[in-house]
Amino acid sequence: MDYKFYIDRHHYSSNVMAKGGCSHEVSEISKPEMDSHLLDCPICLEQLHQPKSLPCLHSFCQECLSTFIIKDLSGKMAAATAFPCPVCRKMTHPVNAAEDKDKWAQQFPTNELVKDQVKVTARELMFCKPCGKKGNTETPATILCKTCDVLFCDTCKLEHHDLFLEGCETVDVTGKAGMVQRQVTKQVRCGKHTKKMDYYCEDHQILGCSRCITIDHRRCDEVTTTLEYCDKLKRESRLDDLKTSLKKTTEAIELLIKEFGEQLQTLLEDQDTGLKSLADLRQRIDTRLDTMQKNITDELIATYKEEKDSLEMSMQKCERLMSSIQNTVESSGKAIQRNDSVDTILLYQRGQAEVKSYEDLVTEMRKKFTTVRIKHSVDLNLQTLDKDIPLSMGKIKMEKTPYRLPGLLSSHLSECGVREVSKFCIKCPSDDLYCHASGVVYLPDDHIVIGDYHNKKIKLFTASGECEDEMKLQGTPHDMCHVATVGVLKGAFGVDVDVEGNVYVCGRESNNVVQMSEEGAHVRELLTSSDGVDRPRAISVCGDRFVVTNESSQNRNYVQIFKLV
């Protein structure tokens, strides 16, 4: 898109609005009924302040956009002339890239439509209602009768209100020049029938109007008014429980952000140490290493930048989720204070979704949460400048070691209990003999591989017990384990390791399964015969679940799936 054309079109649209143009689209956009989320900044999630529009038509607060540009371009070359849109990631060029980056946001045009709409939603003219009935529509109001919800001037209050009404609660609205700051609460209406949504179906967990309830939910068991359901949430302390859960979630995310910050600091220190080591070595072996020094320096900085970007992205995810949760907690408190049952329910559902998002985030982090260190490895023989040693600037090594999440984020697998979640038969119609499951592998995609010793087969099942494939072997399969994405290995016997390094061992003769920490300091009996295991033969662990096979005559055709809880 030609940027000058975009600016001209933007100002043309603003002028049409100012001159009362007849564009149907503009008039529709300027209506106060515009969805309130359209006026929120995608970065800070608050109402737009000094809204600036990019060529891709996304709008942001000027301050938020400026902060984003500076942060995104930090660590990049000083000659950078563009930045990605925070929403669609489209590369955007400022009008004058020669100016300082902290002034780029000011160069983009102000979104006058959004700016005017913010003013409309924030303010509402206040005039005397009785005078308006007489034709004097611009008489400023001085008193608001909260009992009648009617505005009066001084004269009409004496002649009409005080003459017939007593004991009403009134509010003085003078001193605002006919303009009073008011909180605008939008009434939620049914998108299908345009009626007020004042019912809630607990069976389907959905709001609805009276027609929706009559047509779609007349057979449901739990249908109440929004007020009754809101009272139920309060009475059963579910709102308080959710608030407590959100608070704990916020504390956990703060720990995660702190951990990422410490890793960033460590990476920065490692980078400085590596660069200093390179510079010291460079001084001792003279100018012949200029080219090699440049190459390895670029590699070090690129490695640091890659890990820095990854950590910052994870921090941004946590910060956005924490900001959203804090906004939900604050908004829910206000909704409860003003007794807005619909908003309370909507915020309650939003809070549930945010807790689920947090759980998904922790699950994702647990899989790839590592401590990263950058090392500059140098051959010590280079320090003697021996002519027989090829000149080298060393190597950049990146060491990644598994790291446990901070305490509030999740329970360690070594501390979880166990419960059986399913059991299914592994005997297939094509089997000639009874099954002898000598090996098992639990794959990350929720599939289970069984090695059948007696029938000389490898079988593939879903976690629900459906046989998807089987392969006949020339020999007899023994135990197996999953190795990265390569496949399976033969030869192990009833042993597997989880992502935290805990070792699981089957005790075939003692009828138990034992879990040991990686250094062997902590040992506990995870399963016994009372849990249903009978001569356990093989085990495979996948995340917080594991599958066990048995050799006993009663259970040799079955496998059991357990979950650490």
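Are Lys 308 and Glu 312 buried or exposed? Lys 308 is buried, and Glu 312 is buried as well. The model described here is a predicted one.

- In total, the structure contains 24 salt bridges.
- Side chains that carry opposite charges can pair when their charged atoms come close.
- One of the salt bridges joins the side chains of Lys 308 and Glu 312, with an N to O distance of 3.1 Å.
- Lys 308 and Glu 312 are about one helical turn apart, because four residues separate them in helix H11.
- Another salt bridge links the side chains of Asp 298 and Lys 294, at 3.2 Å from N to O.
- Asp 298 and Lys 294 also stand four residues apart in helix H11, which spans residues 290–337, so about one helical turn separates them.
- Asp 298 is partly exposed, because its relative accessibility is 38%.
- Lys 294 has a relative accessibility of 52% and therefore counts as exposed.

**A salt bridge between a strand and a loop**

- Lys 459 and Asp 431 form a salt bridge in which the closest N and O atoms are 2.6 Å apart.
- Lys 459 belongs to strand E18 (residues 457–462), whereas Asp 431 sits in the loop between strand E15 (418–425) and strand E16 (437–442); the pair therefore ties together parts that are 28 residues apart in sequence.
- Lys 459 counts as buried, because its relative accessibility is 1%.
- Asp 431 is likewise classed as buried, with a relative accessibility of 8%.
- Through salt bridges with shared partners, Asp 431, Asp 452, Lys 457, Lys 459 and Glu 470 are joined into one network.

**Surface patches**

- A patch of positive charge on the surface brings together Arg 189, Lys 192, Lys 195, Lys 196 and Arg 211.
- Within this group, Lys 196 is located in the loop between strand E9 (179–181) and strand E10 (199–201).
- Lys 196 has a relative accessible area of 43%, which means that this residue is partly exposed.
- A nonpolar patch on the surface is formed by Leu 163, Phe 164 and Leu 165, whose accessible area together is about 340 Å².
- Phe 164 is part of helix H7, which covers residues 154–164.
- Phe 164 counts as exposed, because its relative accessibility is 65%.

**Cysteines**

- A disulfide is a covalent bond between the sulfur atoms of two cysteines.
- With a cut-off of 2.5 Å between cysteine sulfur atoms, the count of disulfides is zero.
- For Cys 85, the closest cysteine sulfur is that of Cys 56; the distance of 3.6 Å is too far for a bond.
- Cys 85 is buried, because its relative accessible area is 0%.
- Cys 542 has a relative accessible area of 19% and is therefore also classed as buried.

**Ile 301 in helix H11**

- Ile 301 is one of the residues of helix H11.
- With a relative accessible area of 36%, Ile 301 is partly exposed.
- Ile 301 and Leu 275 are separated by 26 residues in sequence, and their C-alpha atoms are 9.0 Å apart in space.

Terms used:
Residues numbered from 1 in each chain as written. Predicted model: local features only at pLDDT ≥ 70, side-chain atom pairs only at ≥ 80, totals over all residues. Heavy atoms only, no water. Patch = residues over 30% accessible without salt bridge, like charges linked within 9 Å, V, L, I, M, F, W, Y side chains within 5 Å. Areas by Shrake-Rupley, 256 points an atom, 1.4 Å probe, with all protein chains shown as cover. Salt bridge = Lys/Arg side-chain N within 4 Å of Asp/Glu carboxyl O. Lys, Arg positive; Asp, Glu negative; His and termini not counted. Charge placed at Lys NZ, Arg CZ, Asp CG, Glu CD. Helix = DSSP H or I, 4+ residues; strand = E, 2+ residues; numbered from the N terminus. Buried < 20%, exposed > 50% of the residue type's maximum accessible area, 1.4 Å probe, protein only.
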